Structure formats: C-alpha cells, structure tokens
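Hello,

Here is the structure for your look. My notes follow below it.

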Amino acid sequence: MSAGRHVVVGGGLAAAKAVETLRAEGYDGGITVVAREPHRPYERPPLSKDYLRGEAERDAVFPLAADWYAAHDVELRTGTAATALDLAGRSVTLDDGRALSYEKLLLATGSDPRRIPLPGGDLAGVHELRTLDDSDALAAALRAARDDGVGRLAVVGDGWIGLEVAASARTLGLDVTVIGLGTHPLERVLGPEMGELYGQVHADHGVHLHRRAEVTGISGDGRRATGVDLADGTHVDADLVLVAVGAVPNVGLARDAGLALDSATGGVVASATLQTTDPDVFVAGDIASVPSARYGRSLRVEHWATALHQGPHAARAMLGATDPYPELPYFFSDQYDVGMEYLGFVAGPDAYDEVVVSGSVPDRELVAFWLEDGRVEAGMAVNVWDRMEDVKTLIHRDGPPDRAELESFVG
Ligand SMILES: Cc1cc2nc3c(=O)[nH]c(=O)nc-3n(C[C@H](O)[C@H](O)[C@H](O)COP(=O)(O)OP(=O)(O)OC[C@H]3O[C@@H](n4cnc5c(N)ncnc54)[C@H](O)[C@@H]3O)c2cc1C
C-alpha cells in the first residue's frame with residue numbers, strides 16, 4: 001500500500017467521481033474527502049426538478065452509496081470545511097483546527113448562489129437553491145403555500161435554475177411569476193431566438209413573465225415576504241420568493257493559497273490535464289478554468305457533465321496521466337415536457353452570427369445551431385434525442401457547414 005494520501009476538497013459530483021476513479025484506477029493509498037455540507041457528495045440537477053417535486057427518492061442524488069466510502073477505505077469528513085491550504089507544506093487546514101497532509105490535492109469546491117444585496121432579502125419565505133437542504137426547504141415551502149390556498153411564487157432571475165423551479169412549481173399547482181432583466185428568458189446564455197422559445201413554453205403553462213425588470217427589493221409584513229418590488233413601480237404579490245441570479249465559483253481557498261486565478265473566467269487556472277499552477281494541486285468542476293483546443297481559450301463550465309467528466313480526469317492526472325481534457329461543454333435541462341441537450345460553447349448573446357434551426361419551433365422539436373465565422377459553435381436539441389454525436393461532429397468540422405445539411409438535420 002502506498003504511504004501517501006490524496007485529499008479531495010468538495011462535496012459535489014466532481015468529488016464523488018474523482019474518489020471513485022482513484023480507487024477504480026488501483027490507487028491504494030489513503031483518500032480523504034473533506035465536504036462542508038453534512039451530506040456525502042451528491043449531484044444537484046434533481047434539486048430543481050424531480051426531487052423538488054417529490055418525484056425522486058433522496059437516495060437518487062448520491063452517486064455513491066453510503067457504504068461505498070468505508071468499503072473502499074475512503075475517509076469521509078462531512079460537515080467539515082477546508083479553510084486554508086499550505087502549498088509548500090502540502091497540507092490543508094480544516095475548520096475543526098486540524099490539518100491534513102496530502103500527496104496530491106483535488107479542489108472541487110463548486111459554486112455558491114450569487115447573492116445580491118436586496119432590501120428584504122432576509123425575510124422568511126425568501127429562498128435560494130444550491131444545496132440539498134435548500135431544496136428540502138423550498139419543497140416544503142412550495143407545498144405549504146399550495147396547501148394554504150393557491151400559493152404564489154415569485155422567481156427573481158430567468159436563468160436555468162429559476163426557470164426549472166418555475167416549471168416544477170407550476171407542475172405542483174402554484175401560481176408563478178418569473179422576473180428577468182432581459183427581453184427574453186435565458187437571453188444571456190441562448191440569445192433571443194432560443195431564449196424566447198423558453199419564454200413561450202412558460203407563457204403556455206401560465207407563468208407570468210416580467211421582462212426587462214429590475215428588482216429593487218422584497219416587501220414583507222415585517223416577518224414574511226409578501227411580494228417583490230420592481231424599479232418601474234410594479235409590485236408582484238408573492239407568498240414565496242426564490243432568488244436565482246446565478247452562481248459564484250468557490251475559489252477563495254485557491255486564491256488565498258496563491259494559486260493563479262483566471263480573470264476572464266473567474267475560475268482557477270488549470271492546464272489541459274486539470275493541474276493548477278501548483279503541480280500537486282488539481283481542480284475539477286465548476287471552479288476549473290481549462291484550456292479548450294476547439295475554442296482556443298480557457299473555459300469554466302458550470303454544468304453537471306463537466307463535474308462528471310473532470311472528476312475522473314483529474315483523478316487520473318493525480319495518478320500521473322498526461323492526456324488533455326477532451327470534452328466539449330454539455331448540459332441539459334428539463335422543464336414541463338420540454339427536454340433539451342446543449343453541446344458546445346458560445347461566449348454570449350453577441351458572440352454568434354446567426355442561429356440555424358432544423359425542425360419545428362412551434363412543435364418544440366428541433367435542433368438549433370449557433371454559427372460564428374462560418375463554423376458551428378454549439379448545438380441544442382429540444383425534444384430530439386440521440387443526436388449529440390452528430391452535433392459534435394459538426395462542431396469539430398473545420399470548414400464551413402453545409403447549410404442544407406444543417407436545415408435538414410432533423411429529418
Ligand atoms: C438546483 C440546480 C440544478 C442544476 N441543474 C443542472 C442541469 O440540469 N444540468 C446541468 O448541466 N447542470 C445543472 N446544475 C449545475 C451542476 O449541478 C453543477 O455544475 C455541479 O454541481 C458542479 O459540480 P461540482 O462538483 O464542481 O461542485 P458542487 O456541486 O457545487 O459541489 C461543491 C461542494 O464543495 C463543497 N465545498 C465548497 N467549499 C468547500 C470547502 N472549503 N471545504 C469543504 N467543502 C467545500 C460545497 O459545500 C459543495 O457541496 C444545477 C445546479 C443546481 C444548483
């Protein structure tokens with residue numbers, strides 16, 4: 001048995017997949033997972049979807065069974081935060097005052113919700129959603145609000161999490177309002193064309209959408225939230241408020257230790273093998289800023305599949321592998337009966353020339369391609385399945401795409 005110890009800081013999917021891979025690859029030294037939350041590492045997509053609606057068992061969110069850790073001789077320190085790193089001494093300080101030495105360290109500290117200083121933000125009935133406990137609290141509140149009457153939920157933010165919770169809450173029977181800064185929901189990630197597809201999906205399901213709306217505060221009766229105030233003077237009545245305005249990567253530990261950060265992405269600088277500027281420290285998941293050969297820049301991707309793939313990749317790199325991380329960014333979302341998968345990267349709503357759609361927008365069965373300088377940068381399949389390998393081929397193709405081929409992609 002190796003005398004060393006690898007330490008993984010984080011309690012999400014990247015951490016779980018990394019330790020699973022360390023053992024699967026035959027590493028027989030010590031492994032310790034340091035996870036701030038009271039739970040063993042879990043994945044988050046169900047927290048706004050089936051788990052929130054009470055349709056999925058709690059066990060479904062954990063990639064590894066409770067007894068897996070002991071059975072594989074992995075020490076799990078839940079409810080314990082890493083507070084400092086000593087790179088020269090190769091040790092991690094924990095919030096219980098102890099220190100852990102490591103041979104190699106993986107940082108997979110993920111993100112926290114972006115918190116905006118809103119007057120009334122600390123009233124009862126105001127929620128955020130990142131953790132299992134957040135999801136449990138929100139689920140209980142949604143049910144209680146519904147059972148008390150109609151139950152009105154106001155969602156501040158029209159990004160993925162806000163819209164997914166809106167869909168779940170409508171499905172549970174609540175009256176839902178979504179308040180967004182853009183003209184179209186999801187505008188910053190999808191642009192207006194495909195953002196509006198989601199605007200229509202939600203309007204069809206009876207969600208009230210406030211567009212180009214700035215929230216100035218949350219009003220209340222002194223104890224509980226009673227609504228949301230907008231800059232144009234509108235007041236949205238609500239029994240519950242979800243503030244879902246994005247996420248901020250947890251890079252403080254890395255920054256304070258002196259690891260380089262990427263000012264363009266806000267993540268921890270990593271090589272293509274997920275190694276940081278310290279050769280014994282690796283990163284994976286939401287915090288990792290990783291060079292992409294296809295896009296010619298470093299990307300930091302806050303998506304489930306990145307954690308799923310980078311966790312194992314980082315683990316193999318900790319064991320000496322040197323192959324570059326190969327995956328294109330991929331994510332999915334489920335809202336009502338609209339399922340979608342997205343592959344590729346577009347820097348924002350101004351970073352593409354056009355969107356070419358194959359299939360039917362009104363029927364919500366389509367594949368959309370984002371083109372820039374004659375190349376396919378990304379593709380999104382809505383209720384069209386098993387075509388991501390074909391989308392990937394188009395993204396990797398060097399020359400300009402054949403327009404007729406794109407338009408007839410959905411046969
Ligand atoms: C509600 C919700 C729904 C989502 N749905 C989708 C979806 O449908 N599709 C999709 O592609 N992506 C989705 N995502 C995004 C996806 O879940 C994230 O990209 C993914 O969780 C990132 O995994 P991670 O392991 O990097 O970090 P995280 O899952 O954020 O885990 C990091 C963990 O590290 C812990 N930690 C942080 N700092 C410390 C410290 N100092 N010491 C110890 N522990 C620490 C945190 O408490 C946390 O448990 C969703 C996210 C949320 C919140």
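Predicted model: local features only at pLDDT ≥ 70, side-chain atom pairs only at ≥ 80, totals over all residues.

**Domain layout and interface**

Domain 1 and domain 2 touch. On the domain 1 side, 18 residues are in contact, and they meet 16 residues of domain 2. About 1,500 Å² is buried between the two domains. Carbon and sulfur atoms give 55% of that area. Which residues of domain 1 lose the most area to domain 2? They are Ser48, Leu52 and Arg53, and together they account for 40% of what the domain 1 side buries.

**Polar and charged links**

The count between domain 1 and domain 2 is three salt bridges. For a salt bridge to inspect, take Glu164 and Lys49: their side chains meet at 2.8 Å, N to O. Polar contacts across the interface of domain 1 and domain 2 come to 13 residue pairs, with both residues at pLDDT 80 or more. By class, the domain 1 side that touches domain 2 has eight nonpolar residues, six charged and four polar.

**Ligand**

There are 35 residues around the ligand. Which of them come nearest? The set is Glu37, Arg44, Lys49, Arg130 and Asp286.

- Leu13: a polar backbone atom is 3.3 Å from an oxygen atom of the ligand.
- Arg36: a backbone N or O atom lies 3.0 Å from a nitrogen atom of the ligand.
- Trp304: a polar backbone atom is 3.0 Å from an oxygen atom of the ligand.

On its own, the ligand has 1,000 Å² of accessible area, and the protein covers 96% of this.

Best wishes

Terms used
Residues numbered from 1 in each chain as written. Heavy atoms only, no water. Contact = heavy atoms within 4.5 Å. Buried area = accessible area lost by both parts, 1.4 Å probe. Salt bridge = Lys/Arg side-chain N within 4 Å of Asp/Glu carboxyl O. Polar contact = N/O pair within 3.5 Å; in protein donor to acceptor, adjacent residues only side chain to side chain. Nonpolar A, V, L, I, M, F, W, Y, C, P; charged D, E, K, R; others polar. Near = heavy atom within 4 Å. Areas by Shrake-Rupley, 256 points an atom, 1.4 Å probe, with all protein chains shown as cover.
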